[in-house]
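Please look over the sequence and the model shown here before reading on. The paragraphs that follow lead through a few places in turn.

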Amino acid sequence: MKYPEEVLTVSKKGKVEVRNMVDHGTFVRYEYLDPESGKRSENKVKLVLYNGEEYEEYFIIPLKQKNRYLLLKAEKKEDRKLWDGKKSVDLFELLNIKE
């Protein structure tokens, strides 16, 4: 099959590959803070991806190597509120999810 040049890339092994979109949508990334100090309580970040039909949740875990992360699929949770620095906001409203 013929692909446009701008979607082709070369891997570290020198193999030509096509960058093929699997999905797209919106996301929310949030972290956990200590309620007393306001500082990050752990190196734990959650990523919620929404493609317009369904959502997936992942924990982003930093690895020992600089700028390397592991995504672990997380169990879907019910409605939850997030702190935006000033007020409580609904996660699913941010993603425009109507449930």
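**A walk through the model**

The backbone oxygen of E6 lies 2.5 Å from a polar atom of the side chain of R19, a polar contact being a pair of N or O atoms within 3.5 Å, where within protein one must be able to donate a hydrogen and the other to accept it, and where residues adjacent in sequence count only if both atoms are side-chain atoms. This is a predicted model, in which local features need pLDDT of at least 70 and side-chain atom pairs count only at pLDDT 80 or more, while totals for chains, interfaces and linings use all residues. Residues are numbered from 1 along each chain as its sequence is written, and side-chain values use heavy atoms, with hydrogens and water left out.

R19 itself is placed in the loop between β2 (16–18) and β3 (26–33); strands are DSSP runs of E with at least two residues, helices are runs of H or I with at least four, and both are numbered from the N terminus. Leaving aside its neighbours within four places in sequence, R19 is in contact with E6, V7, L8 and T9, where contact means heavy atoms within 4.5 Å. Between R19 and W83 there are 64 residues in sequence and 36 Å in space, taken from C-alpha to C-alpha.

Is R80 buried or exposed? With a relative accessibility of 14%, R80 counts as buried, since buried means under 20% relative accessible area, exposed means over 50% and partly exposed lies in between, with a 1.4 Å probe and protein chains only. The side chain of R80 makes a polar contact with the side chain of E57 at 2.6 Å, and the backbone oxygen of E78 lies 3.3 Å from a polar atom of the R80 side chain. Not counting residues up to four places away in sequence, R80 touches Y30, K46, V48, E57, V89, D90, L91 and F92.

Because Y55 belongs to strand β5 (residues 55–62) and F92 to helix α1 (residues 91–94), the pair ties together parts that are 37 residues apart in sequence. Both Y55 and F92 are buried.

E54 lies in the loop between β4 (40–50) and β5, and at 46% relative accessibility E54 counts as partly exposed. E54 and E93 are 39 residues apart in sequence and 14 Å apart in space, C-alpha to C-alpha.

Two asparagines call for a look at the backbone. Most residues other than glycine have a negative phi. N67, in the loop between β5 and β6, has a positive phi of about 60° although it is not a glycine, and N67 is exposed, with a relative accessible area of 60%. N96, in the segment after α1, likewise has a positive phi, near 60°, and at 53% relative accessibility N96 counts as exposed.

The last stop is strand β6 (residues 69–74), where L70 lies; at 37% relative accessibility, L70 counts as partly exposed.
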